[in-house]
Every structure is written in C-alpha cells, then in structure tokens.
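I have put my reading into a few numbered points, which you can follow with the model open beside you.

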Amino acid sequence: MTLEFAGKTVLISGSARGQGAAHAMRFAEEGANVVVSDVRDELGEGVAERVRQKDGRAVYQHLDVRVTAQWDQAVARAENEFGGLDILINNAGIVSCDAVDACSDDTWGIVLDTNAAGVFKGMRAAVPALKRAGGGAIVNTASMMGVVGSWGYAAYVSSKFAVVGLTKSAALTYAADNIRVNAIAPGCVDTPMLDEEKAIMASNPYWDFDEWVATQPISKIAQPEEVSELVLFLASDRTRYCTGGVYPIDGGSTAG
Ligand SMILES: NC(=O)c1ccc[n+]([C@@H]2O[C@H](COP(=O)([O-])OP(=O)(O)OC[C@H]3O[C@@H](n4cnc5c(N)ncnc54)[C@H](O)[C@@H]3O)[C@@H](O)[C@H]2O)c1
C-alpha cells in the first residue's frame with residue numbers, strides 16, 4: 001500500500017510541541033519527509049527523534065518564524081536533505097489575552113511579528129521552492145479568533161484575521177502555479193498554549209473556561225491529533241480543488 005505522502009516533504013513551523021508536533025507525527029506516519037522546526041530546540045530534536053524511532057524520516061531545524069534568514073535556511077534544509085519542498089504548514093504562534101487598553105506596544109509587536117509576519121515570511125520563503133517542485137500546498141493556522149472577535153485578545157485576534165487575509169491573497173496569486181493555500185480555524189485545542197491561556201485568565205472573574213466549554217455545540221475541547229486530520233486533508237490531493245478556504249475546526253463554536 002502506498003502511503004498518502006510518500007515522497008513528499010513537509011516543513012512545519014512551531015512543531016516542537018502541541019499541534020505542530022502532532023502534525024509532524026501524522027505526516028511521518030503517512031510517509032512524508034518532515035522538517036520539524038521551532039525555537040524550542042531540545043523539544044524539537046525530540047519530536048524528530050520520535051519520528052525516526054517509528055521508522056519515519058525527519059530532521060530538526062532551528063527556525064524563529066520572525067527571522068527571514070532562518071526561513072531561507074529551513075527551506076534550503078528541506079531541499080538539500082530531501083530533494084525539494086512540497087508542503088508548508090505555518091503553525092507557530094503565541095497568544096496574548098490582553099484587551100486593547102491593556103496591550104503594550106511590545107506585546108502587540110511580538111504577537112503580530114510571530115503570528116502574522118511569521119506566516120507572511122514563511123510563504124515568501126517557501127513559494128519559490130514550491131514552484132521548483134511543480135506546485136504544492138500551504139496550510140496556515142488561523143483560529144476561530146481569526147473569524148469572529150473575542151473579548152480581550154486584541155493583538156491575537158488581529159494577528160489571526162491577518163492570517164486569513166494572507167491566505168486568501170496568496171491563494172489567488174499562486175493558483176496558476178499549482179500552489180493551494182488554505183487556513184484552518186481551530187477552537188480550543190488541548191496544548192500547552194491553552195494551559196497558558198487558562199493560567200492567565202484564571203484571575204478574571206468574568207471568565208469561566210469550563211462553563212464556556214459546556215455551552216458550546218460540541219461540549220469538549222479538541223485533541224491536537226484531531227486538528228492534524230484536517231491539516232493532512234488540506235495538504236493532500238484529496239482537496240485539490242480547494243484553495244483560499246478557511247476551515248473551522250471548533251466544535252461548532254462559530255456556527256451560530
Ligand atoms: N491551542 C489552541 O486552543 C489554539 C486555538 C486556535 C489556534 N491555535 C493556534 O495553533 C497554533 C499552534 O498552537 P498550539 O496550540 O500547538 O500551541 P503551543 O504553544 O503548544 O505550540 C506553539 C509552538 O510554536 C512555537 N513558537 C512560538 N514562537 C515561535 C517563533 N517565533 N518561531 C518558531 N516557533 C515559535 C512554540 O515554541 C511552540 O512549540 C498556533 O498558531 C496557535 O495560535 C491554537
């Protein structure tokens with residue numbers, strides 16, 4: 001049986017833990033060559049090692065998504081190590097829960113630099129390589145907070161709306177090059193980021209996470225592996241007619 005991503009190479013930003021690590025494991029299971037990348041080098045090396053222990057193919061590359069030169073190095077690593085780049089998963093991100101009147105210039109800067117400029121720089125670095133490979137797929141990680149607003153989260157919501165805009169612009173631009181660009185819009189996913197959010201928001205008397213989850217159409221949070229299924233689907237030829245889309249995976253939270 002031929003695995004779905006046999007012979008394909010995927011570069012995943014922020015894949016040392018959380019959703020990115022789950023995506024790396026699933027792509028490897030489906031036969032892809034995986035470039036695991038992150039700023040958390042030890043954790044990232046560990047993910048690549050886990051893939052290899054399961055007879056998959058993976059290397060780890062340090063990549064701060066805010067730094068153009070590091071994107072160029074990561075794309076070159078994919079091409080040198082595996083002979084080309086077919087898929088880019090822009091997954092890296094950070095969260096800030098601050099409302100407009102609490103958000104400092106520094107917080108605004110780092111969140112937009114990471115979540116929005118990081119996606120822009122990633123696509124800018126990867127597009128020439130995807131063209132050299134004859135086409136490919138990009139999956140950007142937005143959020144349900146890139147589709148609807150949220151109390152607080154001024155910089156985060158803004159950054160994720162930017163990801164949606166970048167996705168649509170790039171989809172229109174590169175369709176003729178056989179490059180598809182889509183975004184996912186997750187709701188709450190069980191990762192270290194969500195733990196950080198819960199710790200920050202615990203002191204807010206108006207915020208009750210468990211109560212919020214209980215009132216959602218599907219009253220539970222997602223596991224990272226559930227998000228990986230959508231990411232692999234959008235990266236695969238099964239969705240070859242899909243580009244410019246923003247796909248919710250939020251248990252119905254934004255359906256109403
Ligand atoms: N967890 C959720 O509920 C949720 C919901 C919607 C969207 N998202 C988005 O999903 C993506 C993955 O988040 P997660 O939940 O797995 O969180 P996470 O914090 O577990 O993982 C994020 C990863 O990104 C890395 N990272 C942070 N800054 C970076 C930088 N400058 N360069 C490279 N890597 C960097 C971190 O080291 C980490 O490994 C993010 O874009 C996040 O905004 C998460």
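1. Let me start with a residue in a loop. Tyrosine 153 counts as buried because 22 C-beta neighbours lie inside 10 Å, and the cut-off for burial is 20 or more. Tyrosine 153 sits in the loop between β5 and α5. The backbone there deserves a look: phi of tyrosine 153 is positive, about 50 degrees, although the residue is not a glycine. Please keep in mind throughout that this is a predicted model.

2. Aspartate 55 belongs to the loop between α2 and β3. Is aspartate 55 buried or exposed? With 8 C-beta neighbours inside 10 Å, aspartate 55 counts as exposed.

3. Now the sheet. Seven strands make up an open sheet with parallel pairing, in the order β3-β2-β1-β4-β5-β6-β7. Because β3 (57-62) and β7 (246-249) stand at the edges with a single partner strand each, one side of each has no neighbour in the sheet. From one strand to the next, the twist averages 20 degrees.

4. Strand β1 can be followed residue by residue. Thr9 and Leu11 point one way from β1, while Val10 and Ile12 point the other way, and all are buried. On one pairing, four bridges join β1 to the parallel strand β2 (residues 33-38), with threonine 9 having asparagine 33 as its bridge partner in β2. On another, β1 and β4 pair in the parallel sense over three bridges, and isoleucine 12 stands opposite isoleucine 89 in β4.

5. β1, α1 and β2 form a right-handed β-α-β unit. β2 and β3 run parallel and are joined by six bridges, with serine 37 opposite glutamine 61 in β3. Between these two strands the chain passes through helix α2 (residues 41-53), and this β-α-β crossover is right-handed.

6. Further along the sheet, β4 (residues 87-90) and β5 (residues 136-141) pair in the parallel sense over four bridges. Here isoleucine 87 stands opposite alanine 137 in β5. Helix α4 (residues 105-132) packs on the sheet and touches β1 (9-12), β4, β5 and β6 (179-186), its direction making about 175 degrees with that of β4. Helix α5 (residues 154-174), in turn, lies across β5, β6 and β7 and runs at about 160 degrees to β6.

7. Within helix α4, I would pick out threonine 114. Which residues does threonine 114 contact, leaving aside its neighbours within four places in sequence? They are Val65, Arg66, Ala92, Gly93 and Ile94. The C-alpha atoms of threonine 114 and arginine 66 are separated by 5.6 Å, although the two residues are 48 residues apart along the chain. Threonine 114 is buried, since 22 other C-beta atoms lie within 10 Å, and 20 or more is what burial takes.

8. Finally, the ligand. There are 28 residues around the ligand, of which Gly14, Gly18, Gly93, Thr191 and Met193 come nearest. The shell divides into twelve nonpolar, eleven polar and five charged residues. Helices α1 (18-29) and α6 (192-201) each supply at least two residues of this shell. Gly93, one of the nearest residues to the ligand, is also among the contacts of threonine 114.

How values were computed: Residues numbered from 1 in each chain as written. Predicted model: local features only at pLDDT ≥ 70, side-chain atom pairs only at ≥ 80, totals over all residues. Pairing = 2+ DSSP bridges. Axes fitted to C-alpha atoms, helices over the stretch in contact; angles between N-to-C directions. Contact = placed C-beta atoms within 7 Å. Near = placed C-beta within 6 Å. Nonpolar A, V, L, I, M, F, W, Y, C, P; charged D, E, K, R; others polar. Buried ≥ 20, exposed ≤ 12 C-beta atoms within 10 Å, placed from the backbone. Right-handed = clockwise from strand over helix to strand, strands pointing away.
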